[in-house]
Amino acid sequence: MKLTMIALLLMPGILSPAAAAPETAPTPDSGETSAVVMFWNLENFFEPGDTAASPYWTARRFRAKCNGIAKTILEAADHAGKLPDAIGFAEVGNAVVLRRLINGTILGKTDYRIVHYDSPDRRGIDCALLYRSTRLSLRSSSAEHLRGPDGETVATRDILVCVFDSLALLVNHHPSKLGSGAADRRAAAMSLMRHLGDSLAAEGIPSLCVGDFNDTLWGKDLPGTIKYNGVWEKIDGGFGFGGLQFRDEAFCSPSLLVPDRSHGGLKPRRTFNGPKYTGGISDHLPVIYYIYTLKN
C-alpha cells in the first residue's frame, strides 16, 4: 500500500456506536458504519526461542509472519475503506511480539496502541487488542479469568475487556473441544462473556464481543473462518450487547489461502502443518466487523 493511502486511512473520526439490535450479527436494513473492528487468531504467535514455540521457529520466519500480518491488516483496510479502529488477536505469546509487530513493520506508521495481559493458559497464549489512539480513548482494561465450580482459576485464556468512551470491546478465545469437561468450560466462558456484556450494558456501555469461540456460530456460514476435514466452519465471530448493531465477514484475501489438495477448493495457509513450516500466517481467516449507526 502506498504511503499516501496510509495517510488517508489514518484520518481521525468520531466513534458513535449504534442502538437497538438483537445479540447476533444481523445485516442492518439501513445505516452507516461508525467503526470497523477486526479479529484474528494468529496461530501460535510466539517469539523465536519461546519454549512453547516450534523448534523450527526462527527469527527470519517470525519477521516474515509479522510482515504478513501487517500486510493483511492494510489489505483489510483497503477492503473496508479505512484502517480498523481496533484489532483483537488470539494466540499471542506475549506483549513483546506485539511491540515487534508494530515497531518492525509498516504498522509503525500507524497510531495503534497495545492492550495485553498474560493469561494462565497452559500453552502460554493470550488475547490482545490493538486500538487507534486517534479514534478511541481507552478508559479501562482488564483480563477476566474463567473460574471453575469452586471458584478456582481455569488454566485457559482470559477474556480481555477494553472500555472506551462510547464502546467496549471484549476479546475472546474460548476453550477448545478437546479433553474431559471441554463443553462445560466453553459454556462457562460463554456465560462469563454474557455476564460482562450485560454488566456493561447496565452501565449504558454497548459492547462488541469478538473472538474464536471454538464452536460453530450461526450455522455453516461459508466461506467460514477455518477449514476442518474439508468443510468450512465459522468459529470466529461476534456478539453484540447493549443495543449494538453490526455485521461481520470473513476476510478472504487470496494471499491467505492455498489449494486444498486433500479435499478440493481452498484453505487457509497456516504457519505450520505439524512440524512442517508452510510459510503462512494462520489456520484461521480474519474477521471484519462493521458497527452501525442507524439512519433516522
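A nonpolar core, as the term is used in this talk, is a set of buried Ala, Val, Leu, Ile, Met, Phe, Trp, Tyr and Cys residues joined through side-chain atoms within 4.5 Å. With that in place, let me turn to the structure, which is a predicted model.

The largest such core has 39 residues, and those that touch the most other members are Trp40, Phe45, Ile69, Ile73, Phe89, Leu101 and Tyr112. Two or more residues each are contributed by strands S1 (32–45), S2 (86–92), S4 (126–132) and S17 (287–293), and by helices H2 (59–80) and H3 (95–103). Helix H2 supplies the largest share, with 8 residues. Apart from this core there is a second, separate one of 23 residues, and Leu129, Phe164, Leu167 and Tyr289 are among its members. As general background, nonpolar side chains in soluble globular proteins tend to be buried together.

Let me now take Phe45 as a point of entry. Beyond its neighbours within four places in sequence, Phe45 is in contact with Phe62, Lys65, Cys66, Ile69, Glu91, Val92, Gly93, Val97 and Leu101.

Phe62 belongs to helix H2. Phe45 and Phe62 are 17 residues apart along the chain, and their C-alpha atoms are separated by 8.3 Å. Is Phe62 buried or exposed? Its relative accessible area is 1%, and Phe62 is therefore buried, the cut-off being under 20%. Leaving aside neighbours within four places in sequence, the contacts of Phe62 are Phe45, Phe46, Glu47, Pro48, Trp57, Val97 and Arg100.

Across the whole structure, a search finds 7 aromatic pairs. Trp57 is itself buried, because its relative accessibility is 6%. Another pair is made by Phe272 and Tyr277: their ring centres are 5.5 Å apart and their planes lie at 65°, so this pair is also edge-to-face. How do the two residues of that pair stand in accessibility, buried or partly exposed? Phe272 has a relative accessibility of 11% and so counts as buried, whereas Tyr277, with a relative accessible area of 26%, is partly exposed. Phe45, Trp57, Phe62, Phe272 and Tyr277 together form one aromatic cluster.

Arg247 places its charged end over the ring of Tyr290, 4.2 Å from the centre. Arg194 lies over the face of Phe239, at 5.5 Å from the ring centre.

Why is S8 described as largely enclosed by the rest of the structure? The reason is that 6 of its 6 residues are buried. Ser207, Cys209 and Gly211 point one way from S8, while Leu208, Val210 and Asp212 point the other way, and all are buried. S8 pairs with strand S7, residues 168–173, in the parallel sense over 6 bridges. Within that pairing, Leu170 stands opposite Cys209 of S8.

Finally, the protein as a whole. It contains 4 helices and 17 strands. Of its 296 residues, 50% are buried. Its accessible surface comes to about 13,200 Å², and 50% of that belongs to carbon and sulfur atoms. Among contacts between residues at least 6 apart in sequence, 69% join residues at least 24 apart.

Note on methods:
Residues are numbered from 1 along each chain as its sequence is written. This is a predicted model: local features need pLDDT of at least 70, side-chain atom pairs count only at pLDDT 80 or more; totals for chains, interfaces and linings use all residues. Side-chain values use heavy atoms; hydrogens and water are left out. Buried means under 20% relative accessible area, exposed over 50%, partly exposed in between (1.4 Å probe, protein chains only). Contact means heavy atoms within 4.5 Å. Rings of Phe, Tyr and Trp (its six-membered ring) pair if their centres lie within 6.5 Å; planes under 30 degrees apart count as stacked, over 60 as edge-to-face and the rest as tilted. A charge sits over a ring if NZ of Lys or CZ of Arg is within 6 Å of the ring centre and within 35 degrees of the ring normal. Accessible areas come from the Shrake-Rupley method with a 1.4 Å probe; for residues, only the protein chains shown count as cover. Two strands pair if DSSP finds at least two bridges between them.
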